[in-house]
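Hi there,

Here is the structure I promised to pass on. My notes follow below it.

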Amino acid sequence: MQDLTTRDSAYMARAIALARKGLYTTDPNPRVGCVIVKGEGACARIVGEGFHARAGEAHAEIHALNAAGEGARGATAYVTLEPCSHTGRTGPCAVALIEAGVARVVVAMVDPNPQVSGRGIVLLEQAGIRVAVGLLEDEARALNPGFVSRMSRGLPFVRLKMAMSLDGRTAMGSGQSQWITGPEARRQVQRLRARSSAILCGVESVIMDDSRLTLRPEQLGLPDGEAIARRQPLRVIMDSTLRLPLAAACLREPGQTLVITTDAHSEEKRRKLEAAGAHIHVMPAYQAGRVSLADMLRFLASDHQVNEVLVETGATLAGALLDAGLVDELQLFVAPTLMGGEARPLFALPGLTEMADQKRLDIQDVRAVGRDWRIIARPVERAAQVPGT
């Protein structure tokens, strides 16, 4: 980074705040903000700003350039992600910045897509535009953990959400679990769903709760909840033996329900589930007749452009994902209640017999959510590996 000032940081912070406005709507695209500033020092003023709202619509730079008009000539553009250099559903933003006559571009982070990474910067520099890269990079990366993960690892960012009692229980022995936490915590879960590309659940949990796995605008607590809920996350159900009931509520909801299974099951049941509204994807059987969780996540990233997965499931699948080292973040909602030793545990993690076997977590945040508490943590072995975190 060169010739950067506290004013540059302030303008980039504004661009990041703008990008955050697309938190629930840009999927599968990244959240990006742009601010265009004319003048130097105390005379500098914002002449245009914008953010990317939805895939297929104008990118942040285009909104900002349209707002700036002729004011963009000779100005500085602050962009949270490297301007694109290729033509997709919209034109290349790097070219738009060049044609608008900006003199300088400050970029928070390089595009993590290896096929385009750095090319937008090269285009700008070849046009004689001064470019600085890396200002508030950590903040910009934190906006797009899933996009960064999908582009750099070929895997989505996996966020595991669990609700539990103080004694670490998720349901009574009978399976009854509604509701452990209060309405404020459930509102936060709805917002986690809203920012996610997909919701992942084991079939046992779906059978037990008849989960809809949908966004409910009235529970989001956001002024634009109805618009946000028009994009329902992909519902993904792990069901190796095709036990999903034909009358399951999730099959009647808007959006798509994808059932991941192995290739050893009846064609008749598959046809019935498809007729009921399910999309069936068959994967090879791995251990104990189950699907490889890593392969499943790679499939979601490559074939469905899934950036962020929200896992809402029971102890078995949650434990298997943790044991496989595939969980990037845990969000644990803890209710001030005790459910007793007969109630169901948080994770099934067989084989942990020694203190050295513990799954250690790095606590990121602890705060009150209504009468409950939310703990955000990352597995220690993942915290150093996951890009964008």
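Which strand gives the largest share of the nonpolar patch? Strand 15 (residues 361-369) does, with three residues. Strands (E, at least two residues) and helices (H or I, at least four) are DSSP runs numbered from the N terminus.

A word on the source: this is a predicted model, where local features need pLDDT of at least 70, side-chain atom pairs count only at pLDDT 80 or more, and totals for chains, interfaces and linings use all residues. Residues are numbered from 1 along each chain as its sequence is written, and side-chain values use heavy atoms, leaving out hydrogens and water.

The patch covers about 380 Å² and is made by L361, I363, V366 and W373. Areas come from the Shrake-Rupley method with a 1.4 Å probe, with only the protein chains shown as cover.

W373 is partly exposed at 46% relative accessible area, whereas D372 is buried at 0%; buried means under 20%, exposed over 50%, and partly exposed in between. Beyond neighbours within four places in sequence, D372 contacts (heavy atoms within 4.5 Å) residues including T181, V334 and R367.

Have a look at helix 3 (residues 93-100) too, where C93, A94, A96, L97 and A100 are buried. G101 follows helix 3, with a positive phi near 85°.

Best wishes

Notes: Patch = residues over 30% accessible without salt bridge, like charges linked within 9 Å, V, L, I, M, F, W, Y side chains within 5 Å. Salt bridge = Lys/Arg side-chain N within 4 Å of Asp/Glu carboxyl O. Buried < 20%, exposed > 50% of the residue type's maximum accessible area, 1.4 Å probe, protein only.
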